[in-house]
Amino acid sequence: MVNSHRTQLAALTDEIVACRMCTRLVDWREKIGEQKRASYRDWDYWAKPVPSFGDPDASLVLLGLAPAAHGGNRTGRVFTGDASATFLTSAMHQAGLANQPNSDHRDDGLVLCGAYIGAAVRCVPPGDRPTPEEQKACLPYLVRELKILPNLKVIMALGHIAFRATLQTLSDMAGAKLRGKFRHGEVYRFGSSLPIMVASYHPSPRNTNTGVLSMEALVKVLNQAKELSQN
Ligand code: SF4
């Protein structure tokens, strides 16, 4: 059927957005949505699981850890509405993967070109630290999503936890335990039946404001991942 992967992705997105499996995270995301940050008090927070976003025909997937409390959990779109989103989207724009350098809200006109963005855990965790059980609970959504994307060639993991989640996901897909050590810019190949994996530091202010990750370094690794995904 034409566009069947789009239909499958839409159905999976509906399923994810309705998920209430992790009681601690359900309580946390809704509490943030009620209390709000003062500067966003007029916002109607999303406060639900945040689905992936991007081009259903993408060959490159970017994977983060989890939505931010006042970013994705507020706006309802992953990597949208906070400093990490601004940094990442600007870099993606420079690498030709996004039509604009900003990601502010769901109706801001952002279109990803050949790229798709998701997260290892779909609900904002306290302290940005999901438990191993919460990560395990959410992982099957990612495995299913990656299996639906028909042109997937490269997964770029943003940060250590997304790196481990990607390794676990590829292990699930391979039916074997895969191993690798995180190193920014490193390329990991696990055989022709699995996507290539690329590692990058996460574009969080903790990394970008301290010089751990510069704009130049992120654009470089995005260009590298893009090139691999187009071969
Ligand atoms: S983290 Fe994932 S599994 Fe847990 S409630 Fe959110 S969407 Fe469901």
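Predicted model: local features only at pLDDT ≥ 70, side-chain atom pairs only at ≥ 80, totals over all residues.
Local features are given where pLDDT is at least 70 and side-chain atom pairs at pLDDT 80 or more, while totals for chains, interfaces and linings use all residues. Residues are numbered from 1 along each chain as its sequence is written, and side-chain values use heavy atoms, with hydrogens and water left out.

Q: Why is Ala 47 called buried?
A: Buried means under 20% relative accessible area, exposed means over 50%, and partly exposed lies in between (1.4 Å probe, protein chains only). Ala 47 has 12% relative accessibility, so Ala 47 counts as buried. Ala 47 is in the loop between α2 and β1 (53-54); helices (H or I, at least four residues) and strands (E, at least two) are DSSP runs, numbered from the N terminus.

Q: What makes phi of Ala 47 a value to point out?
A: Phi of Ala 47 is near 55 degrees, which is positive in a residue other than glycine. Asp 128 is also not glycine, and its phi is near 60 degrees, a positive value.

Q: How do you know whether the length of helix α5 agrees with its number of residues?
A: The expected span of a helix is 1.5 Å times one less than its number of residues. Helix α5 (residues 132-148) has 17 residues and should span 24 Å; because its end C-alpha atoms are 25 Å apart, the two agree.

Q: Where does α5 bend, and by how much?
A: The bend at a residue is the angle between axes fitted to the seven residues ending there and the seven starting there. In α5 this angle is about 30 degrees at Cys 138, and the proline Pro 140 follows within four residues. Cys 138 is also one of the buried residues of α5.

Q: What do the buried residues of α5 pack against?
A: Contact means heavy atoms within 4.5 Å. The buried residues of α5 pack against elements including α1 (4-17), α2 (23-35), β2 (60-64) and α6 (160-174).

Q: Which residues are around the ligand?
A: A residue is near a molecule if one of its heavy atoms lies within 4 Å of it. Among the residues around the ligand are Cys 19, Met 21, Arg 122, Ala 137, Cys 138 and Tyr 141. Helix α5 gives the most to this shell, with three residues.

Q: How do you know whether the length of α4 agrees with its number of residues?
A: The 12 residues of α4 should span 16 Å at 1.5 Å a residue, and its end C-alpha atoms are 17 Å apart, which agrees. Just after α4, Gly 96 has a positive phi of about 75 degrees.

Q: Why is Ser 84 called buried?
A: Its relative accessible area is 9%, so Ser 84 is buried. Ser 84 is in helix α4 (residues 83-94). Leaving aside neighbours within four places in sequence, Ser 84 is in contact with Phe 79, His 202, Pro 203, Ser 204 and Pro 205.

Q: What makes Leu 170 count as buried?
A: Leu 170 has 0% relative accessibility and therefore counts as buried. Leu 170 is in helix α6. Not counting residues up to four places away in sequence, Leu 170 touches Ile 155, Leu 178, Phe 190, Leu 194, Pro 195 and Met 197.
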